[in-house]
Amino acid sequence: MRIIRDYQFVNPSDRGATAVIGNFDGVHLGHQYVIDIARQKAAELGAPLGVMTFEPHPREYFAPKAAPFRLMNADTRAHRLEKLGIQTLFELSFNDTLSALTPEEFARDVIVEGLGLTHVFVGADFHFGKDRAGTPKILETLGKELSFGVTVAPLMSDDVGEVSSTAIRTALTEGRPRDAARMLGHWHRIDGEVIRGDQRGRDLGYPTANMSIAGLHPPKFGVYVVEVEILTGPHQGVYGGAASMGTRPMFGENLPNIESFIFDFKGDIYGEQLSVALIDYLRPEEVFDGLDALIAQMDADCARARDILSQLPSRP
C-alpha cells in the first residue's frame, strides 16, 4: 500500500484513484461497508482503490489538550486498511492550510487538482471544509461541477443501534469489549512497543509485557482476557494471555498503561512490537491486603482467562 501525505506533490501514476474519505478511527464495520461499495466501483472504473484520511485527526488538531479519544493510532489504522485491500492511502497532513479551505476549495484543490480522484465515497454524516460547512449534498453538487463522481453511503446500524466510533468508545469505557468487537468487525487492539517497567510482575511470578496507552481512548481500567500477537522479532506469533489496564493502584499512582502476561511464553521481547486484542473484561482494578492475596487473584484471573479463550468459536 502506498501512503501519500501531501496532496500538492502527487506522482502522475497515483492520480485517477477512487477514494473513500473519512477519519476511519477504528476502521469499524461502517467504514468497511463504504470501502466495499468503493471496491465495486473501483473495479468497474479500472481505478486503484484508495482512502483519504487526515493526520492528526481534525478533532486533535482543534482541541489538542482534550482527553485522548482515538481508538487507534495512524500506524494501526494504516495496517488495518492495508489488510482490507486499500492500494493507496492519502493520509493528508491536517494543518492550518488544509483546515482553512472552504468546501469549494477542498473539492477543487485537493480532490481534483491535487489528487486527481475520479470518484469519492463518503458517509451520510460526512462534513468537510472550513467550519465543517460542506455536506454530502454540497459534495455531490461540486462533483457535477468539477467532473468527479460522488457516492453517499447510508450509515450502518445493528440490532443495538448505529455503528460508530462514538458507540465503540462507549462500549470500551463501560468494559464491553465484545460489543466493541461486534461493531468493529475485529477485536479492539492496542498496538505498540514493549517498554521496560518496574519488573514487579517478574518478582511475583507473572512477568508482563508493558505498553503505553498514551494518546488512545482508555478502555475501562481492570483485568482483561487478551490475545497477544508479537509482530516483530524471533518470537512472532499469537498467544493467549491476561492483561491489566490502568494505573496499578496496589503500587501507588502511576501513568495508565497495559501490562500483558502471555501464557506459556518465555523470551525477551523488550523493544518488539505487540498487538494486544481485548477479548473480555474480568474485573476492575483493586488494592489487596498483601502480595499473597494479589497473587491468588492473579492465579484465578489467569485460570478464568484460559477457560474463556478455550471456548472462543472464532477470533476476529
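How many salt bridges does a search of the whole structure find? The search turns up 18 salt bridges. The model behind that count is a predicted one, so to speak a computed picture throughout.

Start with the overall build. The protein contains 10 helices and 12 strands. Laid along the principal axes, its C-alpha atoms fill a box of roughly 70 × 40 × 40 Å. The radius of gyration comes out at 22 Å, which agrees with the value near 20 Å that a compact globule of 316 residues would have.

The protein splits into domain 1, covering 2–153, and domain 2, covering 186–311. To the contact between them, domain 1 brings 11 residues and domain 2 brings eight residues. The C-alpha centres of domain 1 and domain 2 sit 35 Å apart. Together, domain 1 and domain 2 bury about 850 Å², with 50% of that area on carbon and sulfur atoms. On the domain 1 side, P68, L71 and R80 do much of the work: these residues supply 48% of the area that domain 1 buries against domain 2, more than any other three residues.

Polar contacts do turn up, with four residue pairs found across the interface, both partners at pLDDT 80 or more. As for the make-up of the domain 1 side that touches domain 2, its residues divide into five nonpolar, four polar and two charged.

In general, side chains of opposite charge can pair when their charged atoms come close. E91 forms a salt bridge with R5, and their closest N and O atoms are 3.2 Å apart. E91 belongs to strand β4 (residues 88–93), while R5 lies in the loop between β1 (2–4) and β2 (18–21), so the pair ties together parts that are 86 residues apart in sequence.

The peptide bond running from E55 to P56 is cis, its omega being near 0 degrees. P56 itself is found in the loop between β3 (49–55) and α2 (58–62). The other detail concerns F24, which has a positive phi of about 55 degrees although F24 is not a glycine. F24 is placed in the loop between β2 and α1 (29–45).

Methods: Residues are numbered from 1 along each chain as its sequence is written. Side-chain values use heavy atoms; hydrogens and water are left out. Domain bounds come from an automatic or database domain assignment. Contact means heavy atoms within 4.5 Å. Buried area is the accessible area (1.4 Å probe) that two parts lose on being put together, summed over both. A polar contact is a pair of N or O atoms within 3.5 Å; within protein, one must be able to donate a hydrogen and the other to accept it, and residues adjacent in sequence count only if both atoms are side-chain atoms. Ala, Val, Leu, Ile, Met, Phe, Trp, Tyr, Cys and Pro count as nonpolar, Asp, Glu, Lys and Arg as charged, and the others, Gly among them, as polar. Helices (H or I, at least four residues) and strands (E, at least two) are DSSP runs, numbered from the N terminus. The radius of gyration is taken over C-alpha atoms; the globule rule is 2.2 Å times the number of residues to the power 0.38. A salt bridge is a side-chain nitrogen of Lys or Arg within 4 Å of a carboxyl oxygen of Asp or Glu.
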